[in-house]
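Here is a friendly briefing to read alongside the model. Have your viewer ready, and let's begin where the two chains meet.

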Amino acid sequence: MGTGTGIGRVRGLGSARHGAHHWLAQRYTAVGNLLLVLWLLFSLIALPGLDYESVVGWISHPLVAVPLMLMVVSIFMHLRLGMQVMLEDYVHDKGLAFFSMLVLNFYAFGGAAAGVFAIAKIAFTGIVK
Amino acid sequence: MARSTSRPLSPHLTIWKWGPAMAVSIMHRVTGNGLATAGALGLVWWLMAAASGPEAYATFVTCATSPIGYLVMAGLSWFFFQHLFSGLRHFVLDMGAGYELKNNKIWSLLTFVLSTLATLAFWAAICTGKF
């Protein structure tokens, strides 16, 4: 217990114990992706067609819209964590590393928002004639 | 990265003989980043097109069912299954199992076999009954 703040040493906790958070979140979202993307692929196979009416009719069902939204969120969280590790490994310039994290976060949050919004619009408005 | 040239560099990619474990490891990163960019953008495009109406969806279908579209979708589906099986391998390794040289080699090779079979099965299932 040579490092950390005085109160931390007294409590005997060492670090904040958040060191494994990134690693764990990568695994949680991996399980989410495993279940939800496989569900999407099996659903695509089971659909009578992949035309506009079939797809929109399918997505507008609540029991489809909700897991599909969760899938989009899980995917973008997972790719944010994964691409972060890749960029940390390969982008060595400090300024460029900061910029790449900025772009990655914009991409991850923007992509998730776009996907969730699209599903919500389909679920609430149904087929556009 | 600044490093002292007077100190030796640890043996790296250039000196090791390639093995299945190295291939599956780098392919996990390649497939992951492929899916994270082309895959995720394709997914959002599909959802946005469906949300925008019949014309936007028709444009998406035209692009997706072009020769390049099929090539991208086929590639992404293999990327997905490879990342999936490689990811399952990671879960096993996370538990501290599967590090014996022989087992590690077998399971590394199996991820490629299983991902290829799953991709073929997926496209066979999609193509029967849809066209």
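The contact between the chains draws 27 residues from chain A and 22 residues from chain B, where two residues are in contact if their C-beta atoms, placed from the backbone, lie within 7 Å. This is a predicted model, in which local features need pLDDT of at least 70 and side-chain atom pairs count only at pLDDT 80 or more, while totals for chains, interfaces and linings use all residues. Residues are numbered from 1 along each chain as its sequence is written, and chains are lettered from A and ligands numbered from 1 in the order in which they are written.

**The side of chain A that touches chain B**

- Helix 2 (21–46), helix 3 (52–59), helix 4 (62–90) and helix 5 (94–125) of chain A each give two or more residues to this side; helices (H or I, at least four residues) and strands (E, at least two) are DSSP runs, numbered from the N terminus.
- Helix 5 of chain A supplies the largest share, with 7 residues.
- By class, this side of chain A has 21 nonpolar, 5 polar and 1 charged residues. Here Ala, Val, Leu, Ile, Met, Phe, Trp, Tyr, Cys and Pro count as nonpolar, Asp, Glu, Lys and Arg as charged, and the others, Gly among them, as polar.

**Helix 4 of chain A against helix 1 of chain B**

- These two helices pack at an angle of about 130°, with their axes 10 Å apart. Axes are lines fitted to C-alpha atoms, for helices over the stretch in contact, and angles run from 0 to 180 degrees between N-to-C directions.
- That angle makes helix 4 of chain A oblique to helix 1 of chain B (angles under 35 degrees count as roughly parallel, over 145 as roughly antiparallel, 65 to 115 as roughly perpendicular and the rest as oblique).
- The crossing of helix 4 of chain A and helix 1 of chain B is left-handed, a term used if the near helix is turned anticlockwise from the far one by less than a right angle, with right-handed if clockwise.
- On the chain A side, the contact is made by A:Ile75, A:Phe76, A:Leu79, A:Gly82, A:Met83 and A:Met86. Their partners in helix 1 of chain B are B:Arg29, B:Gly32, B:Asn33, B:Ala36 and B:Ala40.
- This contact has 7 nonpolar, 3 polar and 1 charged residues.

**Inside chain A**

- Chain A has 5 helices and 0 strands, and 22% of its 129 residues count as buried. A residue is buried if 20 or more other C-beta atoms lie within 10 Å of its own, exposed if 12 or fewer, and partly exposed in between, with C-beta atoms placed from the backbone.
- Of the contacts in chain A with a separation of 6 or more, 70% join residues 24 or more positions apart.
- Helix 5 of chain A has buried residues at A:Ala108, A:Gly111, A:Ala112, A:Gly115, A:Ala118, A:Ile119 and A:Ile122. They pack against helix 3 and helix 4 of chain A together with helix 1 of chain B.
- After helix 5 of chain A comes A:Gly126, with a positive phi near 70°.

- A:Arg80 sits in helix 4 of chain A and is buried, because 21 other C-beta atoms lie within 10 Å.
- Beyond its neighbours within four places in sequence, A:Arg80 contacts A:Leu104 and A:Ala108. A:Asn105 is 25 residues from A:Arg80 in sequence and 7.0 Å away, C-alpha to C-alpha.
- A:Leu68 also belongs to helix 4 of chain A, and counts as buried because it has 25 C-beta neighbours inside 10 Å.
- Outside four places in sequence, A:Leu68 is in contact with A:Ile59 and A:Ile119.

**Helix 1 within chain B**

- Helix 1 (residues 20–52) and helix 4 (residues 101–127) of chain B have axes that come within 8 Å and cross at roughly 45°. They are therefore oblique to each other.
- At this crossing, B:Pro20, B:Ala21 and B:Val24 meet B:Asn104, B:Lys105, B:Ser108, B:Leu109 and B:Thr111.
- The axes of helix 1 and helix 3 (residues 67–94) of chain B come within 8 Å and cross at roughly 130°. That makes helix 1 of chain B oblique to helix 3 of chain B.
- The crossing of helix 1 and helix 3 of chain B is left-handed, and their contact has 8 nonpolar, 9 polar and 1 charged residues.
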